[in-house]
Amino acid sequence: MRDPRYDILFEPMKIGPVTAKNRFYQVPHCNGGGYRDPSAAAAMRGIKAQGGWGVIFTEQCEMHHTSEITPFIELRLWEDKDIPQLRKMSEKMKEFGALAGIQLAYSGINGPNLYTKEVPLAVSAMPIRTFTNDPVQARALDTSDIKDLRRWFVNAAKRSKEAGFDLICLYGAHGFGIFQHFLSRATNQRSDEYGGSLENRSRFVNEVINDMKDAVGDTMGITLRVSLDETIGELGFSNAEVRDFIEMNKDLPDLWDLAQGTWEDCSGPSRFKEEAAQQDLVRGIHELTEKPIVGVGRFTSADTMVKQIKSGLLDFIGCARPSIADPFLPKKIEEGRIEDIRECIGCNICITGDMTMSISRCTQNPTFMEEWRKGWHPERMNEKGDSSNVLVVGSGPAGLEAARALAERGYDVAIAEATTELGGRVARERRLPGLSAWGRVLEYREYQISQKANVETYFDSELDAENILEFGFENVCIATGSKWRSDGVSRQHVVPFAMDASMPIYTPDDIMDGKLPTGKVVIYDDDHYYMGGVMAELLVKEGCDVTIITPSAYLSDWTVNTLEQHAIHKKLAEMGVNIILNRGVTAIGKGHVVSNCTYTDTSQEFGCDAVVMVASRLESNSVYLNLKAREAEWADAGIKSVKIIGDANAPGPIAWATYAGHRYARELDGADIGDDLPFRREITQLAAE
């Protein structure tokens, strides 16, 4: 039964000639599949339709071959051949009454055209701006090119209609998309009728939207996504100018889709961005237009959503990451099951799929992008197999997800936890600076398990192989996690390096246990994800003088993929951390570390009182190895299977652990597939000679 406080979220809303059944609006978001994995992407959007979303959009869809962003993998609508795969997606979107939307993008200075080899076209001639700093420049559109571009947008709109979509989003936000490039003085340096004044810089978007309305506007809603503030200084499209633009063109699109600044600004992780972080930039805009407004802000709380509507800030609740973490978020609110929502933790692991050109993952929702590939549904497990019970040893993210999902299948589950609390690494890391939202990984699973009569949890239960053989469980799942290494083995060093015994050496585990160094501290970061930066932040707050040394050219290098590398470096620099890039550590002496240049190998000493080693992790797999050594005894003990999962098998990000736990639960008692692929994929069709 829905709480009446949330009734407003389920009101139908018009967007031009079409009507959304509620205010839940899945804004365009990437998934790492795009044109390469169309059925996987279509099934993922279809699951959201089941979950109750009123509006569901594709990711960025390249609308013409003269502007593409290879190596990144998005959708394409270059010719009629692309229509069938997009129609498959729109049909999945609309199956349960949602409006299907497509985001059309012409990338301009963001499109290097590495695949098509076309010369990039941009508002003004300038270097291509991409994540990969391609050494390519774009030439400026002349007036003939602009007429062509207007026609290409109309062609794309007509194809979108034929593909079954109800809505078109024109992409002009996050620094991406030709519309923002026309609007911003930073990228529009023209002196003709398309440059200079805001009225002139608005001309192109007016022309395109009016062209599209003439072509398809009787049946399709046209929305415009613009940045709330480019946040790049005086030349940027500022929040004040955005307001002038909207007031000047208040009736132009059928809906205004507002998103802050760069992608990093708009989709910043929970370490740096709170829920509803963009509301101050949106406040007052609705006084300038009567058209509906959608905005984003990693909305996870139904109360916050209602506040956005009732305060007049937004008409639609825009969600990307929360819709990934729980595609059934609207339905759970509607059914009065708030406590069952898998809240987004804001880790941005989903975004890494797009950045690494691979199928995306979600820490909270292991079924994301596996709906078609593996047939996984986020709310339904497969039927129980022949065996009856499972012992899960360890209650970190892998063990907890395995236990939760196994219980859903109907198995009797016992969790043996060596400590006095659930959660493993998540229970510890959530206490580190900026990572409190990550505790939702534990909270969701702890609550779900607490509702299951077929799950028993045993604390202070550090088991060995002998104990497990005595218990008589049919299946044993080893999820005992991992520990940070103190010997420096990671990427720079494949074997331990020289360390003076007088130097105090700490690991992140030591610090999370409350064992803190004092004085001058060197952090050696050869992990390159978030932990090194988090350790530095914590130790500065504890009064330490911190130097962080990394062999990479970037601090926390891999967080480029989670859109937080810039924020991490900026924060630590402002806190006074001495950041040393492109240098490793070759030895630890008495009162100093010896650092080498990664290019010249020249050495330099850095004085310190202690070293924090953020290198790699070592699997805690001794229980599993001892059990395997006694495999001949399993049958007599009633054991049918023993499997090791998560960090105990191979350490990785938390999303890898929850995926491993879910996969174990899905596949228990399954048929042996031999050498077959464990997932489906699509192969490009060969063209006729």
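**Aromatic contacts, burial and cysteines in a predicted model**

The charged end of Arg617 sits over the ring of Trp484, at 5.6 Å from the ring centre; this assignment requires NZ of Lys or CZ of Arg within 6 Å of the ring centre and within 35 degrees of the ring normal. The charged end of Arg361 is placed likewise over the ring of Trp656, 3.9 Å from its centre. The structure is a predicted model, in which local features need pLDDT of at least 70 and side-chain atom pairs count only at pLDDT 80 or more, while totals for chains, interfaces and linings use all residues. Residues are numbered from 1 along each chain as its sequence is written, and side-chain values use heavy atoms, with hydrogens and water left out.

A search of the whole structure returned 24 aromatic pairs. Rings of Phe, Tyr and Trp (its six-membered ring) were paired if their centres lie within 6.5 Å, with planes under 30 degrees apart counted as stacked, over 60 as edge-to-face and the rest as tilted. Phe153 and Phe179 have ring centres 5.1 Å apart and planes at 50 degrees, so the pair is tilted. Because Phe153 belongs to helix 3 (residues 143-162) and Phe179 to helix 4 (residues 178-183), this pair ties together parts that are 26 residues apart in sequence. Helices (H or I, at least four residues) and strands (E, at least two) are DSSP runs, numbered from the N terminus. Phe153 and Phe179 are both buried, where buried means under 20% relative accessible area, exposed over 50% and partly exposed in between (1.4 Å probe, protein chains only).

For Trp438 and Tyr530, the ring centres are 4.8 Å apart and the planes are at 75 degrees, so the pair is edge-to-face. Trp438 lies in the loop between helix 15 (425-429) and helix 16 (440-450), and Tyr530 in the loop between strand 21 (520-525) and helix 19 (531-541), so the pair ties together parts that are 92 residues apart in sequence. Trp438 and Tyr530 are buried. Ring pairs also link Phe72, Phe131, Tyr171, Phe176 and Trp263 into a cluster.

Helix 19 is largely enclosed by the rest of the structure, because 10 of its 11 residues are buried; among them are Met531, Val534, Glu537 and Leu539. Just after helix 19, Gly543 adopts a positive phi of about 95 degrees.

The search for disulfides (pairs of cysteine sulfur atoms within 2.5 Å) gave 0 across the whole structure. Cys350 is in no disulfide, and the nearest cysteine sulfur, that of Cys362, is 6.5 Å away. Cys350 counts as buried at 10% relative accessibility. Cys477 is also buried, with a relative accessible area of 0%.
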